[in-house]
Amino acid sequence: MVKALSFKGDKKPKSRKRKAPQDHDDPDATDSKQLATTTTASAAAEEDDSWVSAEATGDVSGPVIFVLPTEPATCIACDANGKVFPIAIENMVDGDPTTSEPHDVRQVWVANRVAGTESFGFKGHHGRYLGCDKFGMPHATSEAISPEESWIVIEAPDQAGAFCLQTAREKFLAVDDDKAPPEVRGDADTISFGTTIRIRMQARFKPRLKANKEQKALEKISRKELEDVVGRRLEDDEVRKLKRARREGNYHEILLDVKVKGKHDKYA
């Protein structure tokens with residue numbers, strides 16, 4: 001489900017948490033608890049509305065902003081009529097463009113792969129796609145993706161974390177910072193400083209970061225939670241063993257061993 005775009009400072013609605021009844025002897029209850037933990041971890045990743053930098057082409061997805069190599073920092077925006085222009089970035093930490101976040105919905109584009117291709121489409125706030133005509137003029141006037149609205153995202157060869165946007169005519173999107181105000185065009189023949197951009201995106205759409213956050217959330221479990229799952233008090237070494245197993249991915253196997261050991265000790 002697509003969530004509404006939020007900005008820094010927006011209040012987050014509080015969610016209610018319900019306690020489920022515990023049943024140590026019911027295997028279904030144990031499975032439900034495991035499922036609930038996994039669901040909570042996934043939900044936490046889905047709720048993350050912070051902004052991070054795309055590091056590889058495969059990261060690019062969901063709401064993004066294109067940070068241009070200008071001084072002061074600007075990003076690509078469009079108005080309701082589809083005119084594309086650079087706009088100043090206001091949300092940065094200590095003036096660092098790599099920490100940029102949007103303050104205006106006109107700065108935000110939603111990135112999606114074009115089905116069956118390596119190209120991307122970038123939809124603006126008004127429901128139209130970023131494109132470039134044969135004269136090299138960027139625009140956002142089309143409600144559908146044609147070759148003019150298809151972009152190849154190329155990782156910049158000499159600058160880590162930077163990208164170049166290539167049109168279907170094999171030209172590059174570039175900014176001319178010598179003009180006042182700066183001008184964005186899509187007819188550069190080669191990759192240069194003016195064609196290198198940073199892509200900032202919402203953290204919850206970044207595949208590797210999302211996976212890491214879910215994994216870290218799964219690794220966090222208290223002694224009480226472990227004892228609830230096993231159904232008895234645990235020794236210190238058993239707690240350490242189970243926590244290590246969650247990190248290493250063999251949790252259920254070790255959990256079964258600990259449960260079996262508890263039964264043997266009970267009837268010994």
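Welcome! E170 counts as exposed, at 58% relative accessibility (buried is under 20% relative accessible area, exposed over 50%, partly exposed in between; 1.4 Å probe, protein chains only). Please keep in mind that this is a predicted model, in which local features need pLDDT of at least 70 and side-chain atom pairs count only at pLDDT 80 or more, while totals for chains, interfaces and linings use all residues. Residues are numbered from 1 along each chain as its sequence is written, and side-chain values use heavy atoms, with hydrogens and water left out.

**Overall picture**

- The protein chain has five helices and 15 strands (DSSP runs numbered from the N terminus: H or I of at least four residues for helices, E of at least two for strands).
- Of its 268 residues, 38% are buried.
- Among contacts (heavy atoms within 4.5 Å) with a separation of 6 or more, 55% join residues 24 or more positions apart.

- Beyond its neighbours within four places in sequence, I199 is in contact with V52, S53, A54, V60, V64, I65, F66, V153 and F163.

**Cysteines**

- The structure contains zero disulfides (cysteine sulfur pairs within 2.5 Å).
- C132 is buried at a relative accessible area of 2%, and C164 is buried at 0%.

**Strands 3 and 4**

- Strand 3 and strand 4 pair in the antiparallel sense over five bridges (pairing takes at least two DSSP bridges).
- T74 has A88 of strand 4 as its bridge partner.
- Four of the five residues of strand 4 (residues 84–88) are buried.
- Five residues lie between the strands of this hairpin, where G82 takes a positive phi near 90°.

**Loop between strands 14 and 15**

- T195 sits in the loop between strand 14 (183–188) and strand 15, and T195 is buried with a relative accessible area of 0%.
- A polar atom of the T195 side chain lies 2.8 Å from the backbone oxygen of S192.
- Leaving out neighbours within four places in sequence, T195 is in contact with F163, C164, F172, L173, A174, A188 and T190.

**Prolines and cis peptide bonds**

- The peptide bond from E71 to P72 is cis, with omega near 0°, and P72 lies in the loop between strand 2 and strand 3.
- Another cis peptide bond joins A180 and P181, with omega about -5°, and P181 is in the loop between strand 13 and strand 14.
- P182 is found in the loop between strand 13 and strand 14, and its C-alpha atom is 9.2 Å from that of I87, 95 residues apart along the chain.
- Not counting residues up to four places away in sequence, P182 touches T70, P86, V175, D176 and D177.

**Positive phi outside glycine**

- D94 is not a glycine, yet has a positive phi of about 55°; D94 lies in the loop between strand 5 (91–93) and strand 6 (96–101) and is exposed at 80% relative accessibility.
- E170, also not a glycine, has a positive phi of about 60° and lies in the loop between strand 12 and strand 13.

Definitions and conventions. Polar contact = N/O pair within 3.5 Å; in protein donor to acceptor, adjacent residues only side chain to side chain.
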